[in-house]
Amino acid sequence: MFGWLIAIIDFFAPYLGWIFFIGIAMHLIPNVIVSLLPEQNLKQKYGAQWAFVSGASSGLGKALAEKLAKQGLNVVLCALDDALLENTYKEFKKKYPKLEFRKVGCNLGDVNGSYLKAVKEATADISVQIVFSNAGYIVISLFPKTKLDRLMQNWTCNITSHIEITHYFFEKMVNEKKRGCIAYTSSNAGFWPSPSTALYSASKAAMIQIAEALAIEGHEYGVDVTALVAGPMATNFVNNVEGSKLDAIKTFMKIASTPEDVASAFIKAVGRVAIRDHSVLTIILRNVFKILDFNIFVRIVAFAQPFTPDWKQLEH
């Protein structure tokens with residue numbers, strides 16, 4: 001019954017090693033090359049005056065905004081309307097007096113989409129050619145034990161707002177016939193099953209797929225689209241979040257990259273690759289799943305999960 005399958009395996013068996021090696025090399029080569037290249041001056045590359053960064057009040061967003069300011073770009077800072085945003089805005093105004101900064105205080109998790117009106121009003125009179133769509137947060141809890149409105153707010157912030165903001169700026173760039181770039185902060189949680197962070201992982205997977213598709217569409221208009229797939233980062237991302245004391249989270253944070261390192265990798269990658277895998281963990285996981293089928297991995301984790309302290313903590 002399976003004679004044809006055995007025949008195919010016998011035919012390819014002598015070449016499996018080479019096939020595996022080529023697959024790994026095809027992934028590593030562009031990532032290594034980009035990591036060795038110098039940071040790009042995006043102001044010069046796109047002839048831009050303005051950049052937009054969401055999640056700009058702290059962590060990676062703030063590091064990105066600072067790098068863009070150092071290149072002489074005016075920056076629109078978008079984040080929750082709180083003291084963090086106000087302090088970052090004042091800090092940059094003082095640090096870079098010759099540049100202009102605008103702050104957009106809004107809730108990107110508002111399911112009614114009020115953030116888009118705020119972004120449009122703040123940028124109606126300027127041409128934004130550099131967009132770092134970085135905002136996001138994580139909800140660590142079991143799906144059926146989490147209120148639906150909380151999940152939908154998380155989904156709105158992590159993917160819906162990115163789609164709407166991308167469409168707004170992408171359309172403007174095309175209509176104005178200006179070159180530019182759109183860059184997304186994704187995560188390795190987007191390509192491996194992540195129980196207790198289902199919507200966060202799904203949003204990061206969606207972000208990778210959107211970036212891949214728009215990188216092709218954008219090529220015709222001179223708009224580069226890139227997603228950086230980050231590993232753990234040494235920010236306040238999981239601080240004070242329910243589930244932040246899980247053993248898995250604490251283990252990942254021991255190998256976390258700094259926001260400045262990730263921002264540097266981002267600036268290097270824009271327009272050079274569509275997907276940039278950052279961190280050793282991300283690269284290892286990407287290649288593990290070239291070998292290990294998702295169905296097998298899901299079964300292994302599902303079997304082992306009830307015996308872990310993390311599961312017991314989440315369950316109770």
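This report describes salt bridges, a helix, nonpolar cores, strand pairing and selected loop residues in a predicted model.

## Basis of the values

The model is predicted, and local features need pLDDT of at least 70, side-chain atom pairs count only at pLDDT 80 or more, and totals for chains, interfaces and linings use all residues. Residues are numbered from 1 along each chain as its sequence is written, and side-chain values use heavy atoms, with hydrogens and water left out.

## Salt bridges

Across the whole structure, a search finds eight salt bridges, a salt bridge being a side-chain nitrogen of Lys or Arg within 4 Å of a carboxyl oxygen of Asp or Glu. One of them joins Lys 95 to Glu 66, with 2.8 Å between the closest N and O atoms. This pair links distant parts of the chain, since Lys 95 belongs to helix 5 (residues 83–95) and Glu 66 to helix 4 (residues 59–70), 29 residues apart; helices (H or I, at least four residues) and strands (E, at least two) are DSSP runs, numbered from the N terminus. Lys 95 is partly exposed, at a relative accessible area of 46%, whereas Glu 66 is buried at 14%, where buried means under 20% relative accessible area, exposed over 50%, and partly exposed in between (1.4 Å probe, protein chains only).

Arg 102 takes part in two of the listed contacts: its side chain meets that of Glu 100 in a salt bridge at 3.3 Å, N to O, and that of Asp 125 in a salt bridge at 2.7 Å, N to O. As for accessibility, Arg 102 is buried, with a relative accessible area of 19%, while Glu 100 is partly exposed at 36% and Asp 125 is exposed at 57%.

## Helix 4

Helix 4 has 12 residues, which at 1.5 Å a residue should span 16 Å, and its end C-alpha atoms are 17 Å apart, which agrees; the expected span is 1.5 Å times one less than the number of residues. The helix is mostly covered, nine of its 12 residues being buried, and among them are Leu 60, Leu 64, Glu 66, Lys 67 and Leu 68. After helix 4 comes Gly 72, whose phi is positive, near 90°.

## Nonpolar cores

The largest nonpolar core holds 39 residues, of which Phe 52, Leu 108, Val 119, Phe 169, Ile 182 and Tyr 184 touch the most other members; such a core is a set of buried Ala, Val, Leu, Ile, Met, Phe, Trp, Tyr and Cys residues joined through side-chain atoms within 4.5 Å. Helix 7 (residues 148–176) supplies the largest share of this core, seven residues. Leaving aside residues up to four places away in sequence, Phe 169 touches Phe 52, Val 119, Thr 123, Val 128 and Val 131, contact meaning heavy atoms within 4.5 Å. A second, separate core of 35 residues includes Leu 77, Ala 79, Phe 92 and Val 270.

## Strand 4 and its neighbours

Strand 4 is mostly covered, with six of its six residues buried. Strand 1 (residues 50–54) runs parallel to strand 4 and is joined to it by four bridges, and strand 5 (residues 180–187) likewise pairs with strand 4 in the parallel sense over four bridges; two strands pair if DSSP finds at least two bridges between them. Phe 132 of strand 4 is the bridge partner of Val 53, and Phe 132 also stands opposite Ala 183 in strand 5.

Strand 4, helix 7 and strand 5 make a right-handed β-α-β unit, a crossover being right-handed if, with the strands pointing away from the viewer, the path from the first strand over the helix to the second runs clockwise.

## Loop residues

Lys 145 is placed in the loop between strand 4 and helix 7 and is exposed, with a relative accessible area of 53%. Lys 145 and Ser 196 are 51 residues apart in sequence and 10.0 Å apart in space, C-alpha to C-alpha.

Ser 196 lies in the loop between strand 5 and helix 8 (198–219), is buried at a relative accessible area of 14%, and has a positive phi near 85° in a residue other than glycine. Ser 279, found in the loop between strand 7 (275–277) and helix 11 (280–288), has a positive phi of about 95° although it is not a glycine, and Ser 279 is buried, with a relative accessible area of 15%.
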